[in-house]
Amino acid sequence: MASGTAITKPEPGRAAQRDSKSVRGLFASRIARAIFGWNFVGFCILAIGVLALTEVRSGLIDAQIRSLRLQGDLITNVLIETATVAGDPTPRMDEPTARAVLLRLLPPERVASEPRADLRVRILQPDGSVVADTDVLYGKVDERPLPPPRSGAARGDETDSEAPERSADSWRFTPWRPTTSMEEGRRRALLGEVTTGQRINAQGERVVSVTIPIRRVQAVIGIVVIESADAERILANERRAVGPIVLAAFAVIALSSILLALVIAQPLRRLAQAADRLRLTGATRLDLPDIRKHKDEIGDLANALEAMTNALADRIDANERFAADVSHEIKNPLASIRSALDTARAISDPQQQARLLAIAAGDVNRLDRLITDIARASRMEAETARGELDPVDIGRLLASLCESYAAAGKPGAAARVQFAGPRPADAITLGQEGPLGQVFRNLIDNARSFSPPDGVVSISVEVQRRRDGGVVRAVVADDGPGIPPDNLETIFERFYTDRPKGAAFGGNSGLGLSIARQIVAAHHGRIWAENRPRGGAALTVELPLAGGMRP
């Protein structure tokens, strides 16, 4: 009703344009860039670590097989040269020499210097019997849990097949009982093929093996099986190596979460709490200076909320002042009516009674006019707040008003209204034609009331191009006495009236110019008054051009 702040609906075209640019504008947000950046850094660290570990795992087995193959070829070549006998009719292997060669090639000192090396070499006869085994030669003890004791069985009753492998001080070798894959490797070695394989031993360790035939004069006289069980240990080390990568990724993600909590979640929570306090305590203004300092969308939100609450507070204050002004303005004619009626009842002179009743009737008309103007002001505010914005040709609108005043006026009864100067074709603003028309009708009526009967109310329109988009300027000038310099701003206040001499008292409510300023402010424009050098007053309205309207 009396606020200079009005809320208008957004344009459908602009809303669609914002929706179409929402995805593209996402990365223009600082918070969005921070969120994407931190999360993708953590993801990239984790991905690089996983890819690196996958590469290591894929090449580990191949590297072990190549290493075992090189060592096996070396052992096989030495055995062929030093531990084989050209027998009759077939060559054979010299078992003691083979064990000595194996001890020389793989001395026990290596085991002492590399206590964690899991290399095992077996030399087998073609029938599968063991010629030499590094675990036995080096005195390794295979520690395994004993089976539960059987009732009625003595320790000496164990058969040779049920007993574990012999200890280091025994040179009695039991036949090698390979798994199916190892047996397949032995059979293929007897055919002269070199085979590789993998298996899981009784301890659950991954064992990589290479089986190489010992050939003399195209005859296979033995088999070298070289295997290593350290693949699982290497993989375990690699898994431990992934630990720092996982921790780094966790740290980045944790930092990202903390950042989001501090930069987004906490300020939003404070905004929500401030809004709740505003609602529960009955306060009208929101003040969050520390959040407003944020150079991101959170700061923009805090500024917008403060601006909104301040606008609402200003609106509430303006409504309260308006209610007080209306109460004061209505009390004056009511007091005059009560006084006239009380006096009329107290006197008996018919002429005085008629005069007092005429005063009361005039006050009733004044009160009716005041209530009508107040209702019009309220209706205009509601229309301005709820209406849609459309292109309005200010030049055409003022030309139509001039024609309507010319057609309705009587010669000599009031000042003439004329359109001065050319009418620009591009004087178009975004607004509501009805309220804007009411603005210029109020200005024209006000100018005619101050002009002499033979005076002229001149209306002009021009377009001014500026860096901020340009404005449409409309001027309503009269031939009246002008406005006192001290009242150039006061005339826009509610219920202010300063009529010329001879004008009927109570003929104006003083809301016309106040309504005009209210509507112009709702259209993001401005209105002011000034005196003309040659006499009279001029009221100027500036509205933004349709292509450069400020938000």
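Strand β6 (residues 206-216) and strand β7 (residues 219-228) run antiparallel to one another and are joined over nine bridges, where two strands are said to pair if DSSP finds at least two bridges between them. Within this pairing, Val 210 is placed opposite Ile 226 of β7. The model described here is a predicted one, in which local features need pLDDT of at least 70 and side-chain atom pairs count only at pLDDT 80 or more, whereas totals for chains, interfaces and linings use all residues. Residues are numbered from 1 along each chain as its sequence is written, and side-chain values use heavy atoms, with hydrogens and water left out.

The two strands belong to an open sheet of five strands, which follow the order β4-β3-β7-β6-β5 with antiparallel pairing. The edge strands of this sheet are β4 (130-133) and β5 (195-200), each of which pairs on one side only. From one strand to the next the twist averages 20°, given that axes are lines fitted to C-alpha atoms, for helices over the stretch in contact, and that angles run from 0 to 180 degrees between N-to-C directions. Helix α4 (residues 95-105) lies across β3 (119-124) and β4, and runs at about 20° to β4.

In the protein as a whole there are 14 helices and 14 strands; helices (H or I, at least four residues) and strands (E, at least two) are DSSP runs, numbered from the N terminus. Of the 551 residues in the protein, 36% are buried, where buried means under 20% relative accessible area, exposed means over 50%, and partly exposed lies in between (1.4 Å probe, protein chains only). The accessible surface of the protein comes to about 31700 Å², and 56% of it belongs to carbon and sulfur atoms; accessible areas come from the Shrake-Rupley method with a 1.4 Å probe, and for residues only the protein chains shown count as cover. Among contacts between residues at least 6 apart in sequence, 68% join residues at least 24 apart, a contact being defined by heavy atoms within 4.5 Å.

A further open sheet is formed by five strands in the order β9-β11-β12-β14-β13, and its pairing is mixed. Strands β9 (416-419) and β13 (526-531) stand at the edges with a single partner strand each, so one side of each is left without a neighbour in the sheet. Neighbouring strands of this sheet are turned by 20° against each other on average, with direction ignored. Inside the sheet, β12 and strand β14 (residues 537-544) pair in the antiparallel sense over seven bridges.

Arg 473 has its place in strand β12 (residues 471-477) and stands opposite Glu 542 in β14. The side chains of Arg 473 and Glu 542 also make a polar contact at 2.4 Å, a polar contact being a pair of N or O atoms within 3.5 Å, of which, within protein, one must be able to donate a hydrogen and the other to accept it, while residues adjacent in sequence count only if both atoms are side-chain atoms. Leaving aside neighbours within four places in sequence, the residues in contact with Arg 473 include Ser 460, Arg 466, Trp 528 and Thr 540.

The structure holds 14 salt bridges, each defined as a side-chain nitrogen of Lys or Arg within 4 Å of a carboxyl oxygen of Asp or Glu. One of these links the side chains of Glu 542 and Arg 526 (3.3 Å, N to O). Glu 542 lies in strand β14 and Arg 526 in strand β13, so the pair ties together parts that are 16 residues apart in sequence. Glu 542 is buried, with a relative accessible area of 3%, whereas Arg 526 is partly exposed at 46%. Salt bridges that share partners also join Arg 120, Arg 122, Asp 133 and Glu 227 into one network.

Salt bridges occur within helices as well. Arg 187 forms one with Glu 184, the closest N and O atoms being 2.5 Å apart; the two residues are three apart in helix α7 (residues 180-190), and are thus separated by about one helical turn. Both Arg 187, at 41% relative accessibility, and Glu 184, at 35%, count as partly exposed. In helix α10 (residues 297-346), Asp 342 and Arg 345 are likewise three residues apart, about one turn of the helix, and form a salt bridge in which the closest N and O atoms are 2.4 Å apart. Asp 342 is partly exposed, with a relative accessible area of 37%, while Arg 345 is exposed at 65%.
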